[in-house]
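Open the model in your viewer and keep the selection tool at hand. We will walk from one stop to the next, with a short note at each on what to select and what you will find there.

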Amino acid sequence: MKYLGVVLCAALFAIQTQSAQAVCGYESCHPTKSNMVNIHLVPHSHDDVGWLKTVDQYFYGHKNNIQHAGVQYIIDTVISELIKDPARRFIQVETSFFSKWWDEQSETVRSIVKKLVNEGRLQFTNGAWSMNDEAAVNYQSVIDQFTLGLKFLDDTFGVCGRPRVGWQIDPFGHSREQASLYAQMGYDGEFFSRMDHNDKGRRMNDLALEMVWDASETLDNVKLFTGLLYTFYWDTPGFCFDVHCSDDPIIDGDSYDNNVKSRVDDFIAYAAQVAEKFRTNHIMIPMGGDFQYEDAEVNFKNMDKLIKYINERQTSGSKYNIFYSTPGCYLNSVHQSVQSYPNKTQDFFPYGSDTNSFWTGYYTSRPTQKRFERDGNHILQVAKQLSTFAGLSSEQQKEDLEYLRQIMGVMQHHDAITGTEKQAVSNDYDRLLHDAIIGGTNTARDALRKVTNLPNGAFESCLQMNISECAFTKDGADNVVVTLYNPLAHTTSQYVRVPVKNENYEVTDEKGRVVASEVVPVAWQVLALEFRNNDTQHELVFKASVNKIANYYIKKVASRNIVPTTAKSAQKKELPLEANKKIKTMKTAAETHDDEETVVQTSQIKLVIDNKTGLLKTVEMNGVSENIEQSFGIYRTYDSGAYVFRQYNQGDFEIQKDGVEFTVYDGALVKEIHQTYNEFISQVIRINEGEEHVEFEWLVGPIPVEENFGNEVVTVFSSGISSNGVFYTDSNGRELIRREKDKREDFTPELAVQPTSGNYYPITSRIALQDSSNRMALLTDRAQGGSSMNDGQLELMLHRRLVRDDGYGVGEALNEEKFGQPLIARGKVYLILNSADESTSVEREAEKVFHLPLWKFFSQNTGSSGSVAKSVPSFDDFPKSVHLLTLEPFNDDEILFRVENFMDHTEGRVVSFNIRPIFDSLNGLEIRETTLDGNLPLSDLKRFKFHAEGSGARGTEPEYYTSAHKPLAANATQEAAEFAVTLYPMQIRTFIIKTQ
């Protein structure tokens, strides 16, 4: 194996003697021949940022007994081989690995790599920190991780480092929003390699493997060329020249084993098959696979011979022209060919690799990790905003924030947030994310000490609130300051819950006004968790109103109503630790009309519980009443796995219909129904005074299994709504997509074997259904799988415990353990019931609050510090539909600022507002507008436009998209009118503010 040192001298000489002007991008592509089939040979290595091994194990080549892979050696040897021949090409995809490698290189090596990039020989493709999943990710985190990766490339290589093409070759299904984001970042197209087998078969016959994806129902000009690879992202069958493969090399010497003719014959035969399925005389053939090119000389030597001997046949009449290329160069050739392509409007979920394998299990796999990732995004947004307001500048603070950005980029990887990695790798992701979150909370703490009137405040974060535990209050909550940070643009009113002892408290705001509060018990099943510290068994609840930052003060008092009681509510008492596992619930009623039902209500919402079954049966809210029965069901599965959800027998699904014990706690602010379904499923149904949603806080686990059968737990909401098989799911937390049971946009799916799994879709934030009268929507606190298998019914998969691997590479059953026992998961689902005539904007607004709620920081109240709080900008003047998507330090003297109109075309309207006050409050000198990722001036946007069939006459020359509006560019000396911003529904605009 040869390394960089072997060729450094020659490379340096080449750099020093270079006279021609280097070109990158499309100008560096090899010439093609119009009268031939042009074979674009694309060398690449697909390097997972964690899967069977951890991120570092993959990078360093550690634990090769698990999988032979060492990314540092791949990059080393590829660079060595590219230097040898200017005709060679290679694409680098995962910026996280490349950044780690780059940090270890000498200036000499860096100069060589920059030369290769500047000449288009090493091309960055996709360019994000990782190759993100497309089912479980939220759009905010996708934008962040692209911003991170592309910024590194721009800072390091300038314009020649900027990718032009998306390369999503391994994710297990593809979202419409991902395509929309690519278009908004200025990408020319994207390629992937997984598609439902029925869809692919139809597209092969119709020459429709490449298409124009209309990636938004609301936004104009977000159409993106999208191509499916002919086979897969692995090498051409029979032509894997990597050291990990056993295919025949090309033997061209004076040897008995000379096989040039047969090898070339076979490759041309394959190329002919491919060419039949595409509309131009260009085809792309990838040469690479998982962690290939660790000894790149072997790969390139054989590809050199392949190219040489195929092209030699042109003198004998062959019509095949082969050369090294990249996805970008291939796409450029296709664009120059000016063809028409079929239109695509929905997405590519679910992915079915065969009739028994729909990859829908990973929508839910590892539910606690999916939630932890959302926590990471939450503190990232808080820390970025606070860092901006406080002007944090120490190296440690900047390193902590950058590390959190990077680990969140890792978590978007298609084997991280998906839950499709080995358990040891999952544990490592948890470790990385925990360490990064701690750094984020430290950053936020440092900022709060600068911008609040508490320069010595502890500002501790409680990271175990998911089990109602907080180390700061475990010994008492007397004289505690709760500092609340609101990452949203607008003032928000939310209920705050603080773990406390069963004592009397008074809560006051910053003006000394008493705020209504009450103490409610934590569900006994949570207290019974063996690993939970039971110093606190109650929660103090109060409603807070916060613009950006607000302090609330808690102190013990002599007498108050600890738990709001009525004559018919349950008796509550502090639970002795040793009795935790012996507690039984009682059926009690807040208001009992007869022996049949229990009514629990606030001013806004009325819930009716069936006393015989213990289940919710009716919901009234927003002037609408609907029979809604909510329960839990269990799929008993035989060969489900981390990726795939497979029913073994359609009869192996049962929904619990009765036998639910419940207790009602009826307070002035909070009403709770504590339900026990069985020994491993319990739930609290909660309604808060003044709020327009019902909260279902579920606790599932340890899920029992049999020797040959696992169990997968769902929550099911059954209503009388006549939905006629139609329901709606979100795309990465943005626009909704209409689904119809048993149907797809472009083909007829085969669902006889797996009718349920084949109707499952990824739910990143919301699923809904409606008829002409009523609409029911469920909002989630993490990514989950969901469906509507019966009219009026929605289901969400919450947790999975399995006994087998599904055969797609992980090699382990999804059987998580924590603290020596099967995993227990806790989470929330929110119900909004409304008239079908009402706007769904209320769901949008709730979605933002649930995704980025108030972050709680805790300090001891030591009295007045004498310090004055620093003024922080208020975004309250923004129109109601405008979201503060991003506010973060970009460079030492630059701030990245994104605003989004988060309503779609059915909910919102065009809004205009002025950002001069924000610009001034951030000490702005200049402002410029960029593409979505923040790294390309919007004035430089020029991306490929392709003609879709049925969209009018096709032109004869290649067409391009440029910015649809005049990019904003202004400085502090100009009038406020120059800072006006207009946002169409769903539009995001991105700005860089240069500061003093």
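## Stop 1: the disulfides

Select C240 to begin: with a relative accessibility of 7%, C240 counts as buried (buried means under 20% relative accessible area, exposed over 50%, partly exposed in between, with a 1.4 Å probe and protein chains only). This is a predicted model, where local features need pLDDT of at least 70 and side-chain atom pairs count only at pLDDT 80 or more, while totals for chains, interfaces and linings use all residues. Residues are numbered from 1 along each chain as its sequence is written, and side-chain values use heavy atoms, with hydrogens and water left out.

C240 and C245 form a disulfide with their sulfur atoms 1.8 Å apart (a disulfide is a pair of cysteine sulfur atoms within 2.5 Å). The torsion about the S-S bond of C240 and C245 is about 50°, so this disulfide is right-handed.

How many disulfides does a search of the whole structure find? There are 4. Counting bonded cysteines along the chain, they follow the pattern 1-3, 2-6, 4-5, 7-8.

Next, select C24 and C160, which a disulfide joins with an S to S distance of 2.1 Å. The link of C24 and C160 is left-handed, with -75° about the S-S bond. This pair connects distant parts of the chain, 136 residues apart: C24 is in the loop between α1 (8-17) and β1 (37-46), and C160 is in the loop between α6 and β4 (165-168). Helices (H or I, at least four residues) and strands (E, at least two) are DSSP runs, numbered from the N terminus. C24 is buried, with a relative accessible area of 18%, and C160 is buried with a relative accessible area of 18%.

Then move to C462 and C470, another disulfide, with S to S 1.9 Å. Both of these cysteines, C462 and C470, are buried.

## Stop 2: the aromatic rings

Show the Phe, Tyr and Trp side chains: the structure holds 58 aromatic pairs. Rings of Phe, Tyr and Trp (its six-membered ring) pair if their centres lie within 6.5 Å; planes under 30 degrees apart count as stacked, over 60 as edge-to-face and the rest as tilted.

Zoom in on F98 and F152, an edge-to-face pair at 6.4 Å centre to centre with 70° between the planes. It links distant parts of the chain, as F98 is in helix α4 (residues 95-103) and F152 in helix α6 (residues 139-157), 54 residues apart. Are F98 and F152 buried or exposed? Both F98 and F152 are buried.

For a second pair, select Y293 and F300: their ring centres are 5.8 Å apart and their planes are at 65°, so the pair is edge-to-face. Y293 and F300 are both buried.

To see a cluster linked by ring pairs, select Y26, F191, F225, Y330, Y341, F944, F946 and Y960 together.

The charged end of R636 sits over the ring of F709, 3.7 Å from its centre (NZ of Lys or CZ of Arg must be within 6 Å of the ring centre and within 35 degrees of the ring normal). Likewise, the charged end of R775 sits over the ring of Y728, 6.0 Å from its centre.

## Stop 3: the second largest pocket

Select P889, F890, N891, D892 and E894, the closest to the centre of the second largest pocket among its 50 lining residues. The space in this pocket is about 1100 Å³. On a 1 Å grid over the protein atoms alone, a cavity is a set of points where a 1.4 Å probe fits but cannot get out, and a pocket is an open set with protein on both sides within 12 Å along at least five of seven lines; lining residues have an atom within 4 Å of a point. Grid points are joined across faces, edges and corners, and a volume is the space filled by probe spheres set on the points.

Colour α13 next: the largest share of this pocket's lining, 10 residues, comes from α13.

## Stop 4: the largest cavity

Finish at N138, S765, E847, F850 and H851, the closest to the centre of the largest cavity among its 17 lining residues. This cavity has a volume of about 160 Å³, and α16 gives the most to its lining, with 4 residues.
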